[in-house]
Amino acid sequence: MKKLHISELLKRYNLILLLLIFIIISTILSPNFLTLDNFLNLLQQASIPGIVAIAMTLVVLLGGIDLSVGSVLAFSGMVSSMVALQFSDGVMGILLSCLAALAVGSIMGFITGTLISRYKLPDFIASLAMMEIARGAALLTTSGNPVFGLGDKFHQIGGGFLFDKLAYTAILWIILTVIFSLILKYTVFGRSLFAIGGNREAAMLSGIKTKRNYTLTFVLSGLLSGFAGILTASWMSTGQPTAGNGYELDAIAASVIGGASLSGGKGSILGTFGGVFLLQVITNIFNLIGLPSYYQRIAKGIIIILALLLNNFVASDKGKE
């Protein structure tokens, strides 16, 4: 039987090892960490940022970036809240509010993707512009005020629990992780993302419709961000124009920690799931030990840098083989 050395284990399972290290540290620092309730709470807290991170990973696989995901989440959540409010918590109203939010997210993703693929705007500039437009629109809808009074039925979408334990948002995150993992592995579209991210010109010469796939990927990014906006508004029972602030950076960090390359062509949705969970574990232990928020941000930034350096080290070591 072939023996695995420590360096080999580090290459293959670096994210799992990082998770284990932080779980052990967290358990030592707080006896409340390794409990079922805390684990389920972790899943719930990570679920909405996790759905946004799926959106970001699809774009990162292309070698692109989408800075608008957090703002699209906020605007979609506001649209969803305002439509739901008009129908007094009725089923039809909830359905319409979800469709409206998903449509808004998709349209914004389509505009961003078209600006990039057809009009050659850089990803960073196009998505930065959409980030400002969506955030401004979210603030404009109610002059910066939250939307209250959304009703119990609407709250159940993002705030409900299966058997009073497992949050619906966590279940949806897991389902979406499985669906998009299968899409990337078994569909022509999924394989095209890796090919375009690996070498866009070669992908184009081989017959892959790069412009169409680029636009479609941003539509999916907007759609998932819109869905996250519905869940956020539902979970908080409030439409918040400032929701999702900073989610784009956490999503990028989670994707890269999970093994995605910002130059494209490499990554996985399952790896991103682990990256999001790792970031949530770090946040959770900081909260459990009562570390002030300003120290949390500094420590989290340092840990992210160290995790990315480790990933780069492992990747460069693999390249020598």
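**Figure 1. Ser143 in the loop between helix 5 and helix 6.** The place of Ser143 is the loop that joins helix 5 (123-141) to helix 6 (152-159) in this predicted model. The phi angle of Ser143 is near 55°, a positive value in a residue other than glycine. With a relative accessibility of 65%, Ser143 counts as exposed, because the class begins over 50%.

**Figure 2. Asp164 in the loop between strand 1 and strand 2.** Asp164 is not a glycine, yet its phi is positive, at about 60°. The residue is found in the loop between strand 1 and strand 2. Its relative accessible area is 71%, and Asp164 is therefore exposed.

**Figure 3. The salt bridge between Lys165 and Asp37.** The structure holds one salt bridge. In this salt bridge the side chains of Lys165 and Asp37 meet, with a distance of 3.1 Å from N to O. Which class of accessibility applies to Lys165? Lys165 has a relative accessible area of 43% and is therefore partly exposed, as this value falls between the limits of 20% and 50%.

**Figure 4. Gln45 of helix 2 and Thr169.** Gln45 is placed in helix 2. A relative accessibility of 30% makes Gln45 partly exposed. The C-alpha atoms of Gln45 and Thr169 lie 9.0 Å apart in space, while the two residues are 124 residues apart in sequence.

**Figure 5. The stacked rings of Trp173 and Phe273.** A search of the whole structure finds three aromatic pairs, and one of them is formed by Trp173 and Phe273. The ring centres of Trp173 and Phe273 are 4.1 Å apart and the ring planes stand at 20°, so the pair is stacked; the limit for this class is an angle under 30 degrees. Trp173 is in helix 7 (residues 168-186) and Phe273 is in helix 12 (residues 269-288). The pair thus links distant parts of the chain, 100 residues apart. Is Trp173 buried or exposed? Trp173 is buried, because its relative accessible area is 0%.

**Figure 6. A patch of positive charge on the surface.** Four residues, Arg118, Lys120, Arg200 and Lys211, gather in this surface patch of positive charge. One of them, Lys211, is located in helix 10 (residues 210-236). The relative accessible area of Lys211 is 41%, so this residue is partly exposed.

**Figure 7. A nonpolar patch on the surface.** Tyr294, Tyr295, Ile298, Ile302, Ile305, Leu306 and Leu309 form the patch. Together these residues have about 770 Å² of accessible area. Among them, Ile302 lies in helix 13 (residues 293-319). Ile302 counts as partly exposed because its relative accessibility is 46%.

**Figure 8. Ala260 in the loop between helix 11 and helix 12.** The loop that contains Ala260 runs between helix 11 (247-257) and helix 12. Ala260 has a relative accessible area of 7% and is therefore buried, the limit for this class being under 20%. The C-alpha atoms of Ala260 and Leu61 are separated by 7.1 Å, and the two residues are 199 residues apart along the chain.

**Figure 9. Leu288 of helix 12 and Leu19.** Leu288 has its place in helix 12. At 34% relative accessibility, this leucine counts as partly exposed. Leu288 and Leu19 are 269 residues apart along the chain, and 17 Å separates their C-alpha atoms.

Definitions and conventions: Residues numbered from 1 in each chain as written. Predicted model: local features only at pLDDT ≥ 70, side-chain atom pairs only at ≥ 80, totals over all residues. Heavy atoms only, no water. Phe/Tyr/Trp six-rings, centres within 6.5 Å; stacked < 30°, edge-to-face > 60°. Helix = DSSP H or I, 4+ residues; strand = E, 2+ residues; numbered from the N terminus. Buried < 20%, exposed > 50% of the residue type's maximum accessible area, 1.4 Å probe, protein only. Patch = residues over 30% accessible without salt bridge, like charges linked within 9 Å, V, L, I, M, F, W, Y side chains within 5 Å. Areas by Shrake-Rupley, 256 points an atom, 1.4 Å probe, with all protein chains shown as cover. Lys, Arg positive; Asp, Glu negative; His and termini not counted. Charge placed at Lys NZ, Arg CZ, Asp CG, Glu CD.
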